[in-house]
Amino acid sequence: MSVYVDPYNDISEDICYGVTSRNLNLVEVEGNTMWDVANRLNLDSILIELYPSKRAVVQGEIYGEGIQSNPLKVKGQHFAVYGLLVDEIRVPRAEWPKQILELSVPVYTSLERATTMNEALAQVDGIKSLINPKVNAEGVVWTTCDDQGNHYSYKCISSHYLLKHDK
């Protein structure tokens, strides 16, 4: 899910606030889980406070009860940020403000950057979730930026996870 604020919208003079799924800009209706989570976390207020008069977007994963069978087996519904863009420029994680870092996806600090698929699978297979260590993680996403600021990421999904979940 992504959440954005846009002061330069064509819709009205007010700052536009929205929530999107992977492919859709969602209409705010009662009972929409993504909107409920975004509103509960006051993401619009956080983005407006941090970046007044700028377009700002947080990208992340929504997880928990009622979402994709809740493989992490957690109570409630949560949002974990993995990306921040301000005026269409990706902000490096090291520059995220505290309010965004508090919503961040957990980071595996003990993993080495894999250089081959076999290395990535060896690190990911059977790795425990940092959100709920009682279950295996789906996988790991490695991210990096080059010297020109281009952002690259790749995800390695655990074969143990896929076999357990019949995928």
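**Figure 1. What sits over helix α2.** The cover over the buried residues of α2 includes β1, α1, β4, β5 and α3 (98-101). This is a predicted model, so keep that in mind for every view here. The buried residues in question are L43, I46 and L47. They end up on the same side of α2, because the arc they cover around the axis is only 95 degrees. As for where the helix goes, α2 (residues 43-50) lies across β1, β2, β4 and β5, and it runs at about 50 degrees to β1.

**Figure 2. The whole chain, for orientation.** Before zooming in further, here's the overall layout. The chain has five helices and eight strands, and from the N terminus on the elements go β-β-β-α-α-β-β-β-α-α-β-β-α. Its C-alpha atoms fill a box of roughly 50 × 40 × 25 Å along the principal axes. Of the 167 residues in the chain, 35% are buried. Take the contacts between residues at least 6 apart in sequence: 45% of them join residues at least 24 apart.

**Figure 3. The six-stranded sheet and helix α1.** In what order do the strands of the open sheet come? The order is β3-β2-β1-β4-β5-β6, and the pairing is antiparallel. At the edges stand β3 and β6 (89-90); each has a single partner strand, so one side of each has no neighbour in the sheet. Helix α1 (residues 33-40) packs on this sheet and touches β1, β2, β3, β4 (56-64) and β5 (77-86). The direction of α1 makes about 130 degrees with that of β2.

**Figure 4. Strand β2 and its two partners.** β1 (residues 2-6) pairs with β2 in the antiparallel sense, over five bridges. The link from β2 to β3 is a hairpin of four residues.

Figure 5. How many of the five residues of β2 are buried? The count is five of five, so to speak a strand that is mostly covered (residues 16-20). In a regular strand, side chains alternate between the two faces of the sheet. Here C16, G18 and T20 point one way from β2, while Y17 and V19 point the other way, and all are buried.

**Figure 6. A close-up of T20.** T20 has its place in strand β2, and its bridge partner in β3 is N25. Is T20 buried or exposed? With a relative accessibility of 17%, T20 counts as buried, because the cut-off is under 20%. Leaving out residues up to four places away in sequence, T20 touches M1, S2, Y4, N25, L26 and M34.

**Figure 7. Two cysteines, C16 and C156.** Both of these cysteines are out of the way. C16 is buried, with a relative accessible area of 16%. C156 is buried too, at 4%. How many disulfides are there? The count is zero, with the cut-off being cysteine sulfur atoms within 2.5 Å.

Figure 8. In soluble globular proteins, nonpolar side chains tend to be buried together. The largest nonpolar core in this chain has 25 residues, and M1, V3, V58, L84 and I100 have the most contacts inside it. Two or more residues each come from β1, β2, α1, α2, β4 and β5. Which element gives the largest share of this core? That's β5, with four residues. Zooming in on I100, and leaving aside neighbours within four places in sequence, you'll find I46, L47, L50, V58, V81 and L84 in contact with I100. I46 and L47 are also among the buried residues of α2. A second, separate core has nine residues, including V124, I127, A137 and V140.

Conventions. Residues are numbered from 1 along each chain as its sequence is written. This is a predicted model: local features need pLDDT of at least 70, side-chain atom pairs count only at pLDDT 80 or more; totals for chains, interfaces and linings use all residues. Side-chain values use heavy atoms; hydrogens and water are left out. Buried means under 20% relative accessible area, exposed over 50%, partly exposed in between (1.4 Å probe, protein chains only). Two strands pair if DSSP finds at least two bridges between them. Contact means heavy atoms within 4.5 Å. Axes are lines fitted to C-alpha atoms, for helices over the stretch in contact, and angles run from 0 to 180 degrees between N-to-C directions. A nonpolar core is a set of buried Ala, Val, Leu, Ile, Met, Phe, Trp, Tyr and Cys residues joined through side-chain atoms within 4.5 Å. The arc is that of the directions from the helix axis to the C-beta atoms.
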